[in-house]
Amino acid sequence: MRDRLLQLEKAALSEISSIKNKEAVIELKNRYLGRKGELASLTKELGKLSHEERPVVGDLINSIRGRIEERVNSLLTAFAQDEREQRLKAERVDVTLPGRYLPLGNSHPITQIMDEVVSIFLGMGFKVAEGPEVETDYYNFEALNIPKDHPARDMQDTFYISDDVLLRTHTSPVQIRVMQGKKPPLRVIAPGKVYRRDSDITHTPMFHQVEGFMVDESITFGDLKGVLTAFLHSLFREDIAIRFRPSFFPFTEPSVEVDIQCVMCNGKGCRVCKGSGWLEILGAGMIHPMVFKAVDYDSERYTGFAFGLGIERIAMLKYGIDDIRMFFENDVRFLRQF
Ligand code: PHE
């Protein structure tokens, strides 16, 4: 019995010394030390031994088990460590490599001009208001003193949704909506989309406007000139020439169109300004008493001015773009330049 045990130990240890992988160690461990393993079956034979021999051989079995177990466990630890090292090597990250660049977008040129215009007016104490793009005939025309037979109401210019509902053709209806809900003093700008049935190299069916207006006791035409001059100097150039030309809008009286000196030729006359040296940049005027009447303001007490400008037109002049459709084709080669 003792010889068989020592032989078994010898066989196990020599097998262990040439073992190559974790799986083989586990298999060996089961074969020698498992519940149905070789050591276990020899242990069963202890019963056949004499009373004196039994504890001695029992001790031997335990010490053999201990020695084999020790070798097996140290091998398993070694294999586990090996495996870990392999994995660390395979997953190695070079933290000194530069990161990958994510392409950065930029805001659309129209958005950029819009933001610039809005921020100039915010700096002068104006507050931003908005109104719906789907409007009623009342807000878009009637309350703005645009009579039923005015050409702006023509099917040619306006997108009608029904007899009474339409896509707003300008941002002026926001004047009415704001004045209906608030009392003067008011200093408001209203940026947004507007729609007209028009399409060529300087017109698209949708474009952007910024409306502005100021209402209080004793607002004068001088305030209109001062505010718009400060605005245009800030947007274009501090020393750009500006002129106010008499014009007509049903909702302002008197009305003006405001021109700046041509930014392309500095007033000498070119293709862009059609030889005149001037560019029309916005429409404005003193708010008509009929408009105040529509919102229940006392036009004996309050006066105000309003203006409206087209963002695409300003963007075209500022960047020297001659086809408005470029803004809406979304060609990244074009958009990336801003
Ligand atoms: N609403 C006018 C337009 O779209 C512009 C404008 C606004 C003129 C306010 C005067 C006062 O053409």
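1. Helix α2 (residues 22–33) packs against helix α4 (residues 53–90) at an angle of about 165°, and their axes are 10 Å apart. The model is a predicted one. Angles over 145 degrees count as roughly antiparallel, and α2 and α4 are therefore roughly antiparallel to each other. The crossing of α4 by α2 is left-handed.

2. On the α2 side, this contact is made by K22, V25, I26, L28, K29 and L33. On the α4 side, R65, I68, E69, V72, N73, L75, L76, F79 and E83 take part. By class, the residues of the contact of α2 with α4 comprise 9 nonpolar, 1 polar and 5 charged.

3. The residues of the contact of α5 with α10 divide into 9 nonpolar, 1 polar and 3 charged.

4. Which residues come nearest to the ligand? Of the 14 residues around the ligand, these are H170, S172, R196, Q209 and G308.

5. Side-chain distances to the ligand can be given for H170, S172 and R196. In H170, a side-chain N or O atom is 3.0 Å from a nitrogen atom of the ligand. For S172, the distance from a side-chain N or O atom to a nitrogen atom of the ligand is 2.9 Å. The R196 side chain has a polar atom that lies 3.0 Å from an oxygen atom of the ligand.

6. Most peptide bonds are trans. The bond that joins P184 and P185, however, is cis, with omega about 5°. P185 is placed in the loop between α7 (173–181) and β4 (186–195).

7. Another cis peptide bond runs from E253 to P254, where omega is near 0°. P254 belongs to strand β7 (residues 252–261).

8. Most residues other than glycine have a negative phi. N145, a residue other than glycine, has a positive phi near 65°. N145 is located in the loop between α6 (137–140) and β3 (165–167).

Definitions and conventions: Residues are numbered from 1 along each chain as its sequence is written. This is a predicted model: local features need pLDDT of at least 70, side-chain atom pairs count only at pLDDT 80 or more; totals for chains, interfaces and linings use all residues. Side-chain values use heavy atoms; hydrogens and water are left out. Axes are lines fitted to C-alpha atoms, for helices over the stretch in contact, and angles run from 0 to 180 degrees between N-to-C directions. Helices (H or I, at least four residues) and strands (E, at least two) are DSSP runs, numbered from the N terminus. Angles under 35 degrees count as roughly parallel, over 145 as roughly antiparallel, 65 to 115 as roughly perpendicular and the rest as oblique. A crossing is left-handed if the near helix is turned anticlockwise from the far one by less than a right angle, and right-handed if clockwise. Contact means heavy atoms within 4.5 Å. Ala, Val, Leu, Ile, Met, Phe, Trp, Tyr, Cys and Pro count as nonpolar, Asp, Glu, Lys and Arg as charged, and the others, Gly among them, as polar. A residue is near a molecule or strand if one of its heavy atoms lies within 4 Å of it. A polar contact is a pair of N or O atoms within 3.5 Å; within protein, one must be able to donate a hydrogen and the other to accept it, and residues adjacent in sequence count only if both atoms are side-chain atoms.
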